[in-house]
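Reader: Please walk me through this fold. Start with a single residue, then widen the view.

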Amino acid sequence: MPFFFEHYLDHVPGLLVIEAARQMGTATVHKFYDVDFDTIFILDVVNCSFTNFLECQEPVVIQMAIIAPDGPHRVRKAFGSVVTIFQHNESKGTIEFNCTCIPKKLFARMRRTAAACTGGGQ
């Protein structure tokens, strides 16, 4: 892990925990909420609060609750999650995510339209 950081790590960096939780949420909605793999996840909101350091040599447990919309949308779905990070059975922080899921083809069309409107792109 030292390769990726400019200083000695004596704790687990919060950004690694945030990314682990983000990937956990992505995998969870693929598996349990019928979101296919031809989907782009757009992160709309991330709120984090860490209350203490996470020690490198000790296990970290991430607990997640998914907040799904009431009904499916024809083109996209939105999901939220509330994550609690534990070490030694004590809460060390929370993360809240909100994301929008859209098909890759729609995402590509949105990007082309945005590029055309701003004069950029292909």
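Author: Ile42 counts as partly exposed, because its relative accessibility is 26%; buried means under 20% relative accessible area, exposed over 50%, partly exposed in between (1.4 Å probe, protein chains only). This is a predicted model: local features need pLDDT of at least 70, side-chain atom pairs count only at pLDDT 80 or more, and totals for chains, interfaces and linings use all residues. Residues are numbered from 1 along each chain as its sequence is written, and side-chain values use heavy atoms, with hydrogens and water left out.

Reader: In which strand is the place of Ile42?

Author: Strands (E, at least two residues) and helices (H or I, at least four) are DSSP runs, numbered from the N terminus. Ile42 belongs to strand β1.

Reader: How many bridges join β1 to strand β4?

Author: Two strands pair if DSSP finds at least two bridges between them. β1 and β4 (residues 90-103) run antiparallel. Ile40 has Ile102 in β4 as its bridge partner. The bridges joining β1 to β4 number 11.

Reader: In what order do the four strands form the open sheet?

Author: The pairing is antiparallel. β1 (39-50) and β2 (61-67) are the edge strands, each pairing on one side only. The order is β1-β4-β3-β2.

Reader: At about what angle does helix α2 run to β4?

Author: Axes are lines fitted to C-alpha atoms, for helices over the stretch in contact (heavy atoms within 4.5 Å). Angles run from 0 to 180 degrees between N-to-C directions. Helix α2 (residues 104-118) lies across β1 and β4. Its angle to β4 is about 80 degrees.
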